[in-house]
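I opened my notebook to record what I looked up in this structure.

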Amino acid sequence: MSVAPSASARPGAKTLIVYDDRSVRWFMIASIFWGIVGMAAGALAASQLNFWQMNGKFLEWITFGLIQNEGLQYISFGRLRPLHTNAVIFAFVGNMMFAGIYHSTQRLCKCRTASDFLSQLHFWGWNLIIVAAAITLPAGLTRGKEYAELIWPINIAVALIWVVFAANFFWTLAKRNEPTLYVALWFYIATILTVAMLYIVNHLSIPTSLLHSYPLFGGVQDALVQWWYGHNAVAFFLTTPILGIMYYYMPKAAERPVYSYRLSVIHFWSLVFVYIWAGPHHLLNTALPTWLQLLGMLFSLMLWAPSWGGMLNGLLTLRGAWHKLRTDPVLKFFAAGVTFYGMSTFEGPLLSIRSVNAIGHYSDWIIGHVHGGTLGWNGMMAAGMFYWLAPRLWNTRLHSTKLADLHFWSAMIGILLYVGAMWVSGISQGLNLLATTDGGTTLAYPIFTETLKAIRPLMLARLVGGTLYLAGFFLLAYNIYRTARSGQPVDGTVEVAVEEHEPSSVMGPIRSFLNPPILTCGFALLFGCLWLFGGDYLRLLSIFGLILTILIAYAHFSARGLTWGRWYDQLLANALPFSVFTFAAAAIGGVVQILPTVLAYRPENVEDRIQVLYTPLELAGRDIYIREGCYNCHSQMIRTLVPDVMRYGEYSRLGESVYDHPFQWGSRRTGPDIARVGGKYSNAWHYDHTIDPRSVNVDSNMPSFPWLAEQETDIASLHAKLRVQRLVGVPYPEMTESEIAASTEQQARAIALDLRNAGKLIAPEKELVAVIAYLQKLGKSQAVGEAAAAAN
């Protein structure tokens, strides 16, 4: 128990604080467990890309034929990959983050976490959510959006548990015995507030049933919101909290102060403000409006500076302690982790350049980039923190430094092999897919699987590297287990003096907001937005306004710079205004990008071509397509690149996916783009391709889907689904359940009859018939004038 200061305690009196380290131990153990689960799922998914039999055929082999199934649906690649990503991000890194935040926040605030009950509720709630995800994702219950696949009831649970975490954290800040907020706490505040904003906005959905919903946004709106969330989930879930952990644990391990406090100030505010704007670089050369693409590219390039500022601040903290890396595994992991952070934050802006992105996007280069961050930055920092924490949490010594060193080299070799293979694979496949001959009139590699076959050895190298990294985590788990067994759980303590806050340290609204630093930022943002959205005269005015703002701010800072510093020092003693400014800095980019997109790029404002509505059967087929995770391998977005157009057909228009909830533009092409596959192949071809892809192309690594020919389409749910589609803006007419049933039966019978004539026997009510109906619709659109005439 903590001994809290009593209300009658005299200022300056001493009181003993006992920290809640039990929660830290729980989160750390959970992180190690889920890390192994998530990485094992990733290794299995990687093996499936190289050996299609690993989607389920191997079960027949290891059971000597007792289980005969061409593809066990619950571990097929399309369902397994979301399980892998969610387990690694939210289970492994999430629990690691919570362990570090709970441990360091208590020390930085010199007080026990505000509520033991909230800490326990947070732990059990979060990990039960992970268990729910581990059940629902393999079952095919998904929203079909990367890193946002969880169904709506689980999303509500995530939001509620995040509120529990936030309440506990900010309550702890309110009762702290240390007046000033240390830099690590800044990053924790940014994480909590921004992740809440990102998660809620991107998961806005309308349920059709207890287990299914459609997102509020569709088409280009959904694409922008998704990658505003997806990119910044990397920023504010995988980056900012780990930076806070770096700023606390790296100086502790090195026994050196942070290299530069001023650099940490610049690092924090520039990162929080700039990062949020960079999401559109995931959608370069697509149907996303050009102004958004350019804005995303510009801010992505700007990210180089603050990111490398943070990296240098971390590495230079080791000045005078580099010799310790030879013997201290904790510092080895920390130094490697920060180095990988610098590498990933160099590579990210590089990939945001449109010409480079044309090669890297949809390729394994992106996979290598992402894993350089998660395995190199998050994984190495997690291992370093766990090795530092374990002896202190169990009051003993680390069981084996040699095992920790072996883990380091296993992880290092594994990640270099993994990332190197993905770099070579991605760049070579990207170049091959863009290559032309005969003066640019013919594709050099017209068959997609030619490029896939060429990178098979590199995909195998990726599997070997990932397995080595996983083996290292088994070593960590064993080392931590033996360390815990050799000691006893112990909670840290500290004796603090009861202090009173001076009235002058409390900031009111006027002092908080009406001051030179905030006014300068406010006017700079105002003139920047006027330049971005205004006409010629407003743009000219905004340039003069921005120049004038900078000159006045510079003059004031030169004359009275100390007042700026004193204001910031006072701000650090006031968590509420600091949190407000942090949230504002993070939210501005999303408002400027998303609000105009939602208002302007609506179906009624679409020019050129607009999507033809799916029939009820096609909508059912689309939901099955999403359930099976086909978007993990197939894009539905033909970029504005000549080789893309030559390979797949006309480039995709903004209006051609305007009614797609969720959008299906994709982020990786393990298979070809299918935006215009409708009518390209016969129904019989799609039947064969789904049941046995190797019968169509011997080099295909696509899993088989035999269960689609056995399971029946859920027609009963279509009435509710069409109602929700109308609510989100899709102009479906009112249809009764009998009308829906008649429509689906007529279309399904026609497809089944065509398949029968081709020698493929299947009942009309089977899911495969609905999927074929959906695939045959892809690419169907009409001119805007024709659509308006049809509506009238």
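I started with the lining of the largest pocket, where H20 gives the most, with 16 residues. I kept in mind that this is a predicted model.

I looked up the volume next: the largest pocket has about 1900 Å³. I found 50 lining residues, and Trp269, Phe273, Pro517, Thr520 and Cys521 are the closest to the centre. I then sorted this lining by class: 39 residues are nonpolar, 8 polar and 3 charged.

I moved to the second largest pocket, which holds about 970 Å³ of space. I noted 43 residues in its lining, with His634, Pro672, Ile674, Trp685 and His689 nearest the centre. Elements giving two or more residues here include H1, H23 and helix H27 (767-777). H24 gives the most, with 4 residues. By class I have 24 nonpolar, 14 polar and 5 charged.

Is serine 23 buried or exposed? I count serine 23 as buried, because its relative accessibility is 3% and the cut-off is under 20%. Serine 23 sits in helix H1 (residues 22-50). Its side chain makes a polar contact of 2.8 Å with that of aspartate 20.

Aspartate 644 is in helix H23 (residues 642-648). I count aspartate 644 as buried too, because it has 4% relative accessibility. Beyond its neighbours within four places in sequence, aspartate 644 contacts Ile638, Arg639, Gly649 and Arg669.

Last, I checked the cores. The largest nonpolar core has 204 residues, and Met28 and Phe578 have the most contacts inside it. Apart from it I found another core of 10 residues, including Ala41 and Leu452.

Notes:
Residues numbered from 1 in each chain as written. Predicted model: local features only at pLDDT ≥ 70, side-chain atom pairs only at ≥ 80, totals over all residues. Heavy atoms only, no water. Core = buried A, V, L, I, M, F, W, Y, C linked by side-chain atoms within 4.5 Å. Buried < 20%, exposed > 50% of the residue type's maximum accessible area, 1.4 Å probe, protein only. Polar contact = N/O pair within 3.5 Å; in protein donor to acceptor, adjacent residues only side chain to side chain. Contact = heavy atoms within 4.5 Å. 1 Å grid on protein atoms, 1.4 Å probe; cavity = no way out; pocket = protein on both sides within 12 Å on 5 of 7 lines; lining within 4 Å. Points joined across faces, edges and corners; volume = space filled by probe spheres on them. Nonpolar A, V, L, I, M, F, W, Y, C, P; charged D, E, K, R; others polar.
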